[in-house]
Amino acid sequence: MRKGEQTRAAILDVALELASRNGLEGLTIGLLADRMNMSKSGVFAHFGSREDLQMEVLKLYHHRFEQEVFFPSVKEPRGLPRLESMFARWLKRVSVEIASGCIYISGAVEYDDRPGPIRDALVAMVRAWQGALLRAVQQSVDCGDLQTGADPQQLVYEMYGLILALHHDARFLRIPGAVDRANRGFARLIENYRNPVQSK
């Protein structure tokens with residue numbers, strides 16, 4: 001990368017760290033300039049506005065989520081191996097983010113009643129992930145791993161509930177063992193939906 005691109009990438013790395021801890025709304029040009037030992041105008045030169053900076057941070061977070069969770073999982077065979085990989089990698093990422101925070105989760109709180117481009121982008125990203133989970137569940141039904149009558153929407157809803165409970169208990173309440181509970185919850189959930197023919 002050229003020097004300008006390297007500087008922009010470095011700014012975004014720090015911005016993502018700050019946004020993960022303080023939220024996207026807590027991200028300011030001034031705070032970022034202090035962390036980067038740059039002038040505000042120097043940071044501003046790389047981003048047209050604070051909203052542009054927030055949008056780029058959100059895109060970077062989404063890109064890293066795809067690289068760590070989605071793309072490795074789709075290399076697994078269709079059916080339960082892929083679905084289980086998606087949840088396991090998702091769980092691992094959220095467990096790592098306990099110390100910093102998950103932008104998808106914190107962003108939902110920040111922008112649930114705040115219309116605008118950031119909210120629209122965040123909703124689109126979360127829906128894209130939900131869509132990927134729904135497809136993985138449906139494929140698990142189609143290939144016979146899960147019961148024919150399994151409701152993909154309900155299963156994904158319950159998977160989301162496990163992740164949100166993990167984030168709440170581990171990050172907010174600091175209850176030990178939350179990751180193990182989420183894993184056990186997912187195993188029990190899959191067992192409830194598993195095709196009994198395939199289990200034999």
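Modeller: Let's start with a rule for rings: those of Phe, Tyr and Trp (its six-membered ring) pair if their centres lie within 6.5 Å, and planes under 30 degrees apart count as stacked, over 60 as edge-to-face and the rest as tilted. This is a predicted model, in which local features need pLDDT of at least 70 and side-chain atom pairs count only at pLDDT 80 or more, while totals for chains, interfaces and linings use all residues. Residues are numbered from 1 along each chain as its sequence is written, and side-chain values use heavy atoms, leaving out hydrogens and water.

Colleague: Thanks! By this rule, how many aromatic pairs are there?

Modeller: A pair of aromatic rings is described by the distance of the centres and the angle of the planes. With the rule above, the count of aromatic pairs comes to 8.

Colleague: And what kind of pair do the rings of F65 and W129 make?

Modeller: Their centres are 5.0 Å apart. Their planes stand at 80°, so the pair is edge-to-face.

Colleague: Which helices does that pair link?

Modeller: Helices here are DSSP runs of H or I with at least four residues, strands are runs of E with at least two, and both are numbered from the N terminus. F65 and W129 are 64 residues apart, so to speak in distant parts of the chain, and the helices holding them are α4 and α7.

Colleague: F70 is also in helix α4. Which residues is F70 in contact with, leaving aside neighbours within four places in sequence?

Modeller: Contact means heavy atoms within 4.5 Å. The C-alpha atoms of F70 and R89 are separated by 8.2 Å. The contacts of F70 are F65, M86, W129 and A132.

Colleague: Stepping back, what pattern does the chain follow along the sequence?

Modeller: The C-alpha trace spans about 65 × 35 × 30 Å along its principal axes. The chain has 10 helices and 0 strands. Read along the sequence, the pattern is α-α-α-α-α-α-α-α-α-α.

Colleague: How are α1 and α4 oriented to each other?

Modeller: Axes are lines fitted to C-alpha atoms, for helices over the stretch in contact, with angles running from 0 to 180 degrees between N-to-C directions. Angles under 35 degrees count as roughly parallel, over 145 as roughly antiparallel, 65 to 115 as roughly perpendicular and the rest as oblique. The axes of α1 (residues 3-22) and α4 (residues 50-73) come within 9 Å and cross at roughly 85°. The two helices are therefore roughly perpendicular.

Colleague: How many charged residues does the contact of α1 with α4 have?

Modeller: The contact includes R8 and D13 of α1 and E56 and R64 of α4. Ala, Val, Leu, Ile, Met, Phe, Trp, Tyr, Cys and Pro count as nonpolar, Asp, Glu, Lys and Arg as charged, and the others, Gly among them, as polar. Beside 8 nonpolar and no polar residues, the number of charged ones is 4.

Colleague: What residues of α6 does α4 touch?

Modeller: α4 and α6 pack at about 145°, with their axes 11 Å apart. From α4 come Q54, V57, L58, Y61, H62 and F65, and from α6 come I103, Y104 and Y111.

Colleague: Last one: which residues does UniProt mark as "DNA-binding region"?

Modeller: UniProt positions follow the numbering used here, feature names are shortened, and annotations may be inferred rather than shown by experiment. The unreviewed entry also has "domain: HTH tetR-type" on residues 5-65, a span that is 77% helix. The "DNA-binding region" in the UniProt record is residues 28-47.
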